[in-house]
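Subject: Structure handover

Hello,

Here is the structure I promised to pass on. Please look it over, then read my notes below.

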Amino acid sequence: MMSSTVITNIATLVTNDPSLGDGSPLGLIQDAAVVIDGDRVAWTGESSKAPATDNRVDAGGRAVLPGFVDSHSHLVFAGDRTQEFNARMSGRSYTAGGIRTTVAATRAATDAELEANLTHYLAEALRQGTTTFETKSGYGLTVEDEARALRIAARHTDEVTYLGAHIVSPDYADDPAAYVALVTGEMLDACAPHARWVDVFCEKGAFDGDQARAILTAGKARGLHPRVHANQLSYGPGVQLAVELDAASADHCTHLTDADVDALANGNTVATLLPGAEFSTRAEWPDARRLLDAGVTVALSTDCNPGSSFTSSVPFCIALAVRDMRMTPDEAVWSATAGGAAALRRTDIGRLAPGAYADLTLLDAPSHVHLAYRPGVPLVSGVWRRGERVL
Ligand code: NIG
Ligand code: FE
């Protein structure tokens, strides 16, 4: 029999359902309660009106919000790139060429080592309130190494992305066209059964617009849905290609023309901003304010990877987005929960309304604003995933 639990005495509840609470996008309810039935939210409202349940948890006047939806990470890898980070912090710039270092380490690792790394970073993320994560291949770049990365990832999440087109494999340095043929052919055949999404790093030094279009179109024909690493290091065709192909998300969006912003505002593609990457590469910040003011749906994620953004902390990204990307605390919290869900085309996560999955984060603070107001402080003091208390 499914058991029910009520969490009472919540000072601020973020529901992300504007029809609940104060009518804002965050659907805030003060002095609130949530009822969990099995793996779903059954009820939200004022604490005094909460129905009776089997179990009762007192939130002690703290805040509850939906678990973070980290819709962009690269967690199947081995090794780290401390030396590259050190060099960058001494003035060297980020070029993405370091991806090759991680490819070599990842190819040399056993399946067990890769899975142990993945579970280590997932546990880290969970302690910081992440209840859903997307992750990618992209550090194997052979048919077998890409397929095994996806197989390992799929044991831990439904949100698995085929990124054989991260960079041209070093084995094909002299013949990029042959590598695109592999990515759209034999490698796609081996990877498609393990993935939901297809991604491409559309950037100078990685894949150009025509190559990206070929890769995403081939993925679509195999039932994978597109998402794109777009406009990270320079202006380029990635964002408009993402919108044209109805990608769920264009990720990075650091260098945008007005036409790129217009395309996002008029399309169905979420702009996923990854401030950990700008922080860790000392690059210029994406202009979240410009996107939000144009009506673009914005998600915030970690981009956790050993090169450009080695953080698994969504709270850290929220603090950066508020301090440096001109987002309000409410906007940043929405983007890291409902925004991430939108970037994965999901409506069953990222909100706390009846019927949604009971994925909840309890903060050791009276409101969600403290996530930005108290940067670097480990505020996550409880996590429920699918109705189970896991922290
Ligand atoms: O999202 N942009 C390309 N891929 C990663 C970086 C990967 C790496 O440097 O290892 C990113 O930033
Ligand atoms: Fe990335």
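Start at the ligand. Ligand 1 is surrounded by 15 residues, where near means a C-beta atom, placed from the backbone, within 6 Å of the molecule. The closest are I99, F201, N305, G307 and S308. By class, the shell holds five nonpolar residues, nine polar and one charged. Here Ala, Val, Leu, Ile, Met, Phe, Trp, Tyr, Cys and Pro count as nonpolar, Asp, Glu, Lys and Arg as charged, and the others, Gly among them, as polar.

Ground rules next. This is a predicted model, in which local features need pLDDT of at least 70, side-chain atom pairs count only at pLDDT 80 or more, and totals for chains, interfaces and linings use all residues. Residues are numbered from 1 along each chain as its sequence is written, while chains are lettered from A and ligands numbered from 1 in the order in which they are written.

Now the record. UniProt, in an unreviewed entry, lists "domain: Amidohydrolase-related" for residues 64-368. Residues 64-368 are 43% helix and 15% strand. The end C-alpha atoms of that stretch are 8 Å apart. Helices (H or I, at least four residues) and strands (E, at least two) are DSSP runs, numbered from the N terminus.

- R81 sits in the loop between β5 and α1 (82-89). R81 counts as buried because 20 other C-beta atoms lie within 10 Å. The cut-offs are 20 or more for buried, 12 or fewer for exposed, and partly exposed in between, with C-beta atoms placed from the backbone. Beyond four places in sequence, R81 touches G98, T101, T102, P306 and G307; contact means C-beta atoms, placed from the backbone, within 7 Å. R81 and G307 are 226 residues apart in sequence, yet 6.0 Å apart in space, C-alpha to C-alpha.
- H166 is in the loop between β7 (159-165) and α5 (176-184). With 26 other C-beta atoms within 10 Å, H166 is buried. Its contacts outside four places in sequence are I99, G138, L141 and F201.
- Q232 falls in the loop between β9 (225-230) and α8 (238-244). Q232 is buried, with 26 C-beta neighbours inside 10 Å. Leaving aside neighbours within four places in sequence, E203, H252 and T254 are in contact with Q232.

Then the sheet. Eight strands form an open sheet, in the order β5-β6-β7-β8-β9-β10-β11-β12, with parallel pairing. Two strands pair if DSSP finds at least two bridges between them. The edges are β5 (68-70) and β12 (298-300), each pairing on one side only. Twist averages 25° from one strand to the next.

β5 and β6 (residues 130-136) pair over three bridges. F68 has T130 as its bridge partner, and D70 stands opposite F133. β6 and β7 also pair in parallel, over three bridges; here K136 stands opposite T161. Seven of the seven residues in β6 are buried.

Last, the helices. α12 (residues 314-324) lies across β5, β6, β11 (270-273) and β12, at about 130° to β12. α13 (residues 329-343) touches β5, β10 (249-252), β11 and β12, at about 105° to β12. Axes are lines fitted to C-alpha atoms, for helices over the stretch in contact; angles run from 0 to 180 degrees between N-to-C directions.

Best wishes

Notes: Contact = placed C-beta atoms within 7 Å. UniProt positions renumbered as here; feature names shortened; annotations may be inferred.
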